[in-house]
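This briefing describes the strand pairing and helix packing of a single protein chain. Please consult the sequence and structure shown here alongside the text.

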Amino acid sequence: MTQANDTTPEFRLVLCSCPDKNTAKALAEKALRAKLAACVNISAPSTSMYWWENHIHSDEEVTLAIKTTEGHIVSLFALVQEAHPYEVPELIAIPISEGSSAYLAWLEKVTQEG
């Protein structure tokens, strides 16, 4: 395991809910082709319950788990917001404090190519 420090980029796990698998796959492909992500996992459908326009809603959604670097967050958020069908898409970036040295090196390399 390795920890991020001053000599390594800051890594992020970005969560984003999508209305269906096709939307999730399209957003994942856009992020990957733009080299704003090294890997995107698409979850199985789950039930999301949330407040929207003063009502509680319950919908089936899939979640993207996007692995990226801090330097790509602004561009990644802009790409998702532009292409996402929701008026207010979920975009949450969680710092990755530790990870396999080989995986984090691969993540950094892939997102710097192109």
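Within the antiparallel pairing of β3 and β5, Ile42 stands opposite Leu64 of β5. The model is predicted, so that local features require pLDDT of at least 70 and side-chain atom pairs count only at pLDDT 80 or more, while totals for chains, interfaces and linings use all residues. Residues are numbered from 1 along each chain as its sequence is written, and side-chain values use heavy atoms, with hydrogens and water left out. Helices (H or I, at least four residues) and strands (E, at least two) are DSSP runs, numbered from the N terminus.

**Overall architecture**

- The protein chain contains three helices and seven strands, and from the N terminus on its elements follow the order β-β-α-β-β-β-α-β-β-α.
- The C-alpha trace spans about 45 × 25 × 25 Å along its principal axes.
- Of the 114 residues in the protein chain, 33% are buried; buried denotes under 20% relative accessible area, exposed over 50%, and partly exposed in between, with a 1.4 Å probe and protein chains only.
- Contacts are defined by heavy atoms within 4.5 Å. Among contacts between residues at least 6 apart in sequence, 74% join residues at least 24 apart.

**Pairing around β5**

- Two strands are taken to pair if DSSP finds at least two bridges between them.
- Strand β5 (residues 55-69) runs antiparallel to β2 (residues 11-18), and eight bridges join the two.
- Within this pairing, Ser17 has Thr63 of β5 as its bridge partner, and Val14 stands opposite Ile66 of β5.
- Strand β3 (residues 39-42) is joined to β5 by four bridges, also in the antiparallel sense.
- Strand β4 (residues 46-52) pairs with β5 over seven bridges, and this pairing is antiparallel; the bridge partner of Ser46 in β5 is Glu61.
- Two residues lie between the strands in the hairpin of β4 and β5, where Glu53 adopts a positive phi near 50 degrees.

- Val14 has Ala93 as its bridge partner in β6.
- Six of the eight residues of β2 are buried, which leaves the strand mostly covered.

- In helix α2 (residues 73-83), the buried residues are Ile73, Leu76, Leu79 and Val80. They lie on the same side of α2 because they cover an arc of only 130 degrees around the axis, the arc being that of the directions from the helix axis to the C-beta atoms.
- Exposed residues Val74 and Glu82 sit on the face of α2 turned away from its buried side.
- The cover over the buried residues of α2 includes β2, α1 (21-33), β5 and β6 (92-96).

**Packing of α1 against α2**

- The axes of α1 and α2 come within 10 Å and cross at roughly 145 degrees. Axes are lines fitted to C-alpha atoms, for helices over the stretch in contact, and angles run from 0 to 180 degrees between N-to-C directions.
- Leu27, Lys30 and Ala31 of α1 meet Leu76, Leu79, Val80 and Ala83 of α2.
- The residues of this contact comprise six nonpolar, no polar and one charged, where Ala, Val, Leu, Ile, Met, Phe, Trp, Tyr, Cys and Pro count as nonpolar, Asp, Glu, Lys and Arg as charged, and the others, Gly among them, as polar.
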